[in-house]
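I opened a new page for this structure.

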Amino acid sequence: MGGYWITLFFIFVWYTVPISYWIRVMRYKDLMNDFHCDTADNMKLDVLKEVVYRYKNNPEEVAIMCAELEKWSLE
C-alpha cells in the first residue's frame, strides 16, 4: 500500500514541476533520493524540495492534495 501512495505522489509532483526542469536536471540518484525522503529538509533538488515543502507543511495545500488523491484513487 505504501508504494501506491509513493507512485501517486510522484505523478502529482511530476506534473507540478515544469518539464523543462526535469529535462535540464536528470540527476537520477538525487531524484531517487528525494522521492525516498520523509521530509523536505533532507531533499537535494531545490525545486522539488519547495514543492514538497509547500504541499506537506501548509494545511490548506495538504487538504487539497488529500482530496485530489482520494478522488483520483476512487476512479
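I started with the lining of the largest pocket, whose residues divide into 10 nonpolar, two polar and three charged. I note here that the model is a predicted one. I then looked up the space in the largest pocket and got about 220 Å³. The lining has 15 residues, and the closest to the pocket centre are Ile6, Phe9, Phe35, Cys37 and Lys56. I also looked up which helices take part. Helix H1 (2-16), helix H3 (28-36), H4 and helix H5 (59-74) each supply at least two residues of the lining.

I picked Phe35 from the residues closest to the pocket centre. Phe35 lies in helix H3. Is Phe35 buried or exposed? Its relative accessibility is 12%, and the cut-off for buried is under 20%, so Phe35 counts as buried. Leaving out residues up to four places away in sequence, I found that Phe35 touches Phe10 and Leu48. I also checked Phe35 against Ile6: they are 29 residues apart along the chain, and their C-alpha atoms are separated by 7.6 Å.

Helix H4 runs over residues 46-57, which is 12 residues. From first C-alpha to last it reaches 16 Å, close to the 16 Å expected at 1.5 Å a residue.

Notes. Residues are numbered from 1 along each chain as its sequence is written. This is a predicted model: local features need pLDDT of at least 70, side-chain atom pairs count only at pLDDT 80 or more; totals for chains, interfaces and linings use all residues. Side-chain values use heavy atoms; hydrogens and water are left out. Helices (H or I, at least four residues) and strands (E, at least two) are DSSP runs, numbered from the N terminus. The expected span of a helix is 1.5 Å times one less than its number of residues. On a 1 Å grid over the protein atoms alone, a cavity is a set of points where a 1.4 Å probe fits but cannot get out, and a pocket is an open set with protein on both sides within 12 Å along at least five of seven lines; lining residues have an atom within 4 Å of a point. Grid points are joined across faces, edges and corners, and a volume is the space filled by probe spheres set on the points. Ala, Val, Leu, Ile, Met, Phe, Trp, Tyr, Cys and Pro count as nonpolar, Asp, Glu, Lys and Arg as charged, and the others, Gly among them, as polar. Buried means under 20% relative accessible area, exposed over 50%, partly exposed in between (1.4 Å probe, protein chains only). Contact means heavy atoms within 4.5 Å.
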